[in-house]
Amino acid sequence: MTVNNGQQRLIVRIAVAAVVAVLLTLTACNAAGGGSAEAAGQSVREFNLVARSDVLNVGDRVTFEGFTFNGTMPGPQKVVQQGETVKITVENVDSVAHGLSMHAANAQTSNYLGNIEPGETATLTFEAEYPGVYMYHCAPGGHGIMAHTMGGQFGMFVVEPSQTYQLEQDLGREPDIKIYIVQHEVYKDGRDFFDGNAQYVMFNGETFRYVKDPIPARPGDYIRFYYLNVGPNLTSTFHAVGGIWDYIYYGGNPNNLMQGTQSVVSGPTDSYVIEWQVPGEGPFTLVSHAFGTQAIKGALGIIQSEPDAPRVAEVRSEGLSSSPVEDPKRHVAPFGLGSEDLDKPVRYRPGEEPYIEMVGNSFTPKRIEVAPGTTVTWINEDVFDMLEGELTGKHDAVMVSGDGDDHFATPLLDHAESYTHTFTEPGTYEYICSIHPYMRGTVTVYEDTDLTARSDPQSDGLQADGLQETILASAAP
Amino acid sequence: MTVNNGQQRLIVRIAVAAVVAVLLTLTACNAAGGGSAEAAGQSVREFNLVARSDVLNVGDRVTFEGFTFNGTMPGPQKVVQQGETVKITVENVDSVAHGLSMHAANAQTSNYLGNIEPGETATLTFEAEYPGVYMYHCAPGGHGIMAHTMGGQFGMFVVEPSQTYQLEQDLGREPDIKIYIVQHEVYKDGRDFFDGNAQYVMFNGETFRYVKDPIPARPGDYIRFYYLNVGPNLTSTFHAVGGIWDYIYYGGNPNNLMQGTQSVVSGPTDSYVIEWQVPGEGPFTLVSHAFGTQAIKGALGIIQSEPDAPRVAEVRSEGLSSSPVEDPKRHVAPFGLGSEDLDKPVRYRPGEEPYIEMVGNSFTPKRIEVAPGTTVTWINEDVFDMLEGELTGKHDAVMVSGDGDDHFATPLLDHAESYTHTFTEPGTYEYICSIHPYMRGTVTVYEDTDLTARSDPQSDGLQADGLQETILASAAP
Amino acid sequence: MTVNNGQQRLIVRIAVAAVVAVLLTLTACNAAGGGSAEAAGQSVREFNLVARSDVLNVGDRVTFEGFTFNGTMPGPQKVVQQGETVKITVENVDSVAHGLSMHAANAQTSNYLGNIEPGETATLTFEAEYPGVYMYHCAPGGHGIMAHTMGGQFGMFVVEPSQTYQLEQDLGREPDIKIYIVQHEVYKDGRDFFDGNAQYVMFNGETFRYVKDPIPARPGDYIRFYYLNVGPNLTSTFHAVGGIWDYIYYGGNPNNLMQGTQSVVSGPTDSYVIEWQVPGEGPFTLVSHAFGTQAIKGALGIIQSEPDAPRVAEVRSEGLSSSPVEDPKRHVAPFGLGSEDLDKPVRYRPGEEPYIEMVGNSFTPKRIEVAPGTTVTWINEDVFDMLEGELTGKHDAVMVSGDGDDHFATPLLDHAESYTHTFTEPGTYEYICSIHPYMRGTVTVYEDTDLTARSDPQSDGLQADGLQETILASAAP
């Protein structure tokens, strides 16, 4: 294939992001904050996170634009032993505030990691007292906690118990394979986030990742799953076609034992340790049994059991590395402008009066087309209108570029407040929220009212090339 | 600010409602029905409920129009000891039937409290045999059970166990703070109710209630949560940022113990007792970890831990009292007419043929605007079309007022039945369901087909004043 | 009533289907595949399933067009004892591939039952080692697993434990009544399936089945529920008005005991055994306490307790038999063309450019009306675009009939690929997906642009007759 300039821009951008991510994770972090429980005589386990904006590959030539820790979604995975001391360092190399909520810590965390401004680094030291499978996620505070988690900043942290799990006792040996699975959802905009209508659902960062790349196992293998549903919205039921879980432990705590079930039920941030022996040879399909909202959108994978399967001791939960996507066909940008097949331009006729919601740190609809004389209303449907900056759900809509002579800027709107502007000058205008500048929308004021002439007559055809152009344009800095 | 006539009407109305609510709860109730298990030698715990229509403050200058028990949403909270005898009295001062389902009773309840007509009072006496955290809710029967519960009639009833919870055993002392939390959803119409798309989600009656008014605690405090998700639709995962629950008890039953988890998963009417010690100083954020469908819409609060925090032994689950909202900016009315920013008028062009669903005891869309000659179809999407009155989901659409000459009334429609009417006379018509007269809708037949002239040209501006007018008009009796 | 030709066609079709279903289940099946664990000296329990296309009665004169096992939805129920050997035979008498996932088997199943072509029969033999309440469902593989399960192919399989459940130990006697309940959802199209917006939710195949036909019981009766939520999407909380569950067992495994709860929470494929004694005389309402998404749509029934109630030892989970529906008022066809009150024709004006999603093996919107010169875009929103045939989510749109001169056929589209066609010739065109030929849609190109003349002026009236004609036409072979 030929690569045009726009494509090269995107490829280069993602490639640079990957390199930067690697470099950043290798950086020694300066501890800027204090901790609560550092023990002198103990080895300290370090966990270093770098918060950033990113464009990621999420499978099948679909790209995702959001936030990450260390350049992947889910972010880095860490396993420590119960009783160990953990030192977390979070560096913010982004242009907006980030933070961290670490569910493995029963300790004050918000004071240390709650709101890390661009360019700053923060640390927390805590004791890993409680065994289990935990979520961590971005938590700048307030409204930003929910928005950034949806935007891609989450991962798995495991505290291995001092106790021995039951199947390990039964068999007298350690697991043959440890499979760490983070189930997570991707949204195309804030309205869908509010309604729980996920665009994709994934195990470990890619739709149908383990269908494309099945997990090898052998009959009789003792598998221990570390399963975490990070949501951020849906309730899952993790199941294997052909399998009944021998032992399940809610939260991964060995005291919370149940046995012999076809499924485990997990709301957002619920987790389980699951133990199972592969009962035979052939494929075993792992699936969230919520078939329409989850499995059919990507939350399905395969364990391929064969007597001579290669030995893989561990399947980790990190998402795909940022890497060049040469031929993207769709771009998902919950806060910004995704490709037009997702964030479809909505064309209004003369006399129609569009409402644009500010919701979940997005404008919906993101792209509108109106006649001269049209009055457009922005209304803030985000509810958390306290605090400021990334911590608030207040929004405005401020024009930042345009080829016409219409300039507009709404005031900062609290929840349920609205503002109208009447467009008179033809042109295409792009606007952002000045508080959350990654929020982007466009208004096109078309020249006349000839409604049949939206575009040149088209012959039949695949739309792939057009989509690429759109994706590349929207991903350009 | 200046208060206009419309605003005064609303303020007065809510203030009167508050006074009436207080008076009613003080009224001695005449037991009209029999009970199943009244024990002579025992003290009887009385629980008095008054069912009514109400307009409530749900936070951030948003009002809600629905049904309540005793003037709050959630309604009154009651705590009794296992083994006690409870006498419930429900008085219906409303103009439609109500009833009660009390989950703490393992006893026939429908015969006693199932369908209480306007002006009637009913009682039930039962033994509180099963310890736990229970939901109660309106239950006139059939279709009305679901509609009235969504409409605001629910609350928490706790049966304290004879056994001692584990952390109380561990520490040898009672909790420092008991925090009772009812998580609940608010819907703007029946379609959203059917689809599970909540407008707001709350802890104890107000969005972000405990962000505005944090719960004070001290480091080391032993907190016992009584957490109840009344739904009516969504599954929650209750979590504290910086906290791992020491002990959790499904349903609040001390025998259903699990430990050391980051969350508890709760479908509608699921509940937990949760025990935890505050591990430090600073803010701890309580949240339903379903971030998009729940937390970001209001289900988030704060425990503020400080060494010298004021002592609050109990945080109760009742919602805000009906009190004057001086400057409302939004009005939510799932069955009636909310403010126009929520229940947006939908304008149809000549030739378009609107469908109006009867669904969840609402008309959706609630407000339509059509050209003369337009045929409108009402279709009943409520499924339960047996029984009568508040117990049925049968509906009609009957004009009750209008400034034009078009009169219409559909017959009573069963599920999936529809009826059409062709509008010819310009004017604005309001209609109701004669079976559920709180269901309201409007049809505006506009004068001509000049589609560009919906309103006068507008200059830019905030819409707050306009919204207020709308709210006040819609809330007027 | 008079029955017209169209009605007779439907009645005859359903009646024939019923007879065929009965005959097929009586057919001795030739075991075509091998098994994993057949034990010579044991009695073998046979479980015979016939996969087919069907039109079913789902209550209140609503018909459903999908797939079944043995002509009912849920399909046949089977109860075996722990330790027994089970031989499953699946015969495919349909024109598309089917398969089976049997959750009661901890054994390789996909190799034996995973993809059964039309006309073929397959078998699997397994040991019922794990006690519990299990789901089975169609599983041809890949994308088809989710689509066919939504389409109606599922049921309950119970493995009774060697251990004795607790209430049976407490009372020293077996249950008076065993009530088997499958809760399941019906969708009108694939978009609703993806969004989790069920059209109906049912206990055992009919909306409000046990309101119309209450389950008789007597005060003091020991009831054991076998409750299975097959979803395919929603999380339920099963509850009885007036009841607190004595004992609940997650998955039905007697080791997973909890007690004294108002509810059990179940994601898709979660199940419980629940034990309870009827505490009195009168009605007890069984309900999923997710009131808006489930109960109000049909997931509600009644146990009617009377001292002299007739003795019913067992309530089974199979759905209604295919039987003539004489006067259907609505037709639900998730993949095909339902009645127009559900799958409403969407009329586009000149200049508007429709998008038709291929999603969940349906076209949405299913029926569109466009002006000559309109460019229509089909876009594939199904994500699983690997494999082939029923196993893939690839789709095309191929015209199969029409009274105009416009012929169109898209190429096979991968996920997120789209294709456009500009319609110029008036007429009504029906098209299918050539891979999943039960997917159906229509495009009507109207004659001119007179937008006010969609239909003749109508007088007021009920639309029942019109709906019937539509249903009958759409259900015709």
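Trainee: Let's start with contacts in chain A between residues at least 6 apart in sequence: what share of them joins residues at least 24 apart?

Mentor: A contact means heavy atoms within 4.5 Å. In chain A, 72% of those contacts join residues at least 24 apart. Keep in mind that this is a predicted model, where local features need pLDDT of at least 70, side-chain atom pairs count only at pLDDT 80 or more, and totals for chains, interfaces and linings use all residues. Residues are numbered from 1 along each chain as its sequence is written, chains are lettered from A and ligands numbered from 1 in the order in which they are written, and side-chain values use heavy atoms, with hydrogens and water left out.

Trainee: How many helices and strands does chain A have, and what percentage of its residues is buried?

Mentor: Helices (H or I, at least four residues) and strands (E, at least two) are DSSP runs, numbered from the N terminus. Chain A has seven helices and 31 strands. Buried means under 20% relative accessible area, exposed over 50% and partly exposed in between (1.4 Å probe, protein chains only). Of the 477 residues in chain A, 68% are buried.

Trainee: Which residues of helix 3 of chain C are buried?

Mentor: That helix spans residues 142-150, and nine of its nine residues are buried. They include Gly142(C), His143(C), Ile145(C) and Met150(C). These buried residues pack against strand 19 (300-305) of chain A, and also against strand 2, strand 7, strand 8 and helix 5 of chain C. After the helix comes Gly152(C), with a positive phi near 125 degrees.

Trainee: How many salt bridges cross the interface of chain A and chain B?

Mentor: Three, by the rule. In one of them, Asp385(A) meets Lys329(B) (3.8 Å, N to O). Strand 28 of chain A gives the most to the side of chain A that touches chain B, with five residues. The contact as a whole takes 59 residues from chain A and 58 from chain B.

Trainee: What rotation superposes chain A on chain B?

Mentor: Two copies of a chain are related by a rotation about an axis and a shift along it. The superposition is by least squares on the C-alpha atoms of residues with pLDDT of at least 70 in both copies. Here the rotation is 120 degrees, with 0.0 Å of shift along the axis and an RMSD of 0.0 Å. The two copies are thus related as by a three-fold rotation axis. Thr235(A) has the C-alpha nearest the axis in chain A, 4.2 Å from it. Only 3% of the interface residues of chain A are also interface residues in chain B, so the copies meet through different surfaces.

Terms used
Salt bridge = Lys/Arg side-chain N within 4 Å of Asp/Glu carboxyl O.
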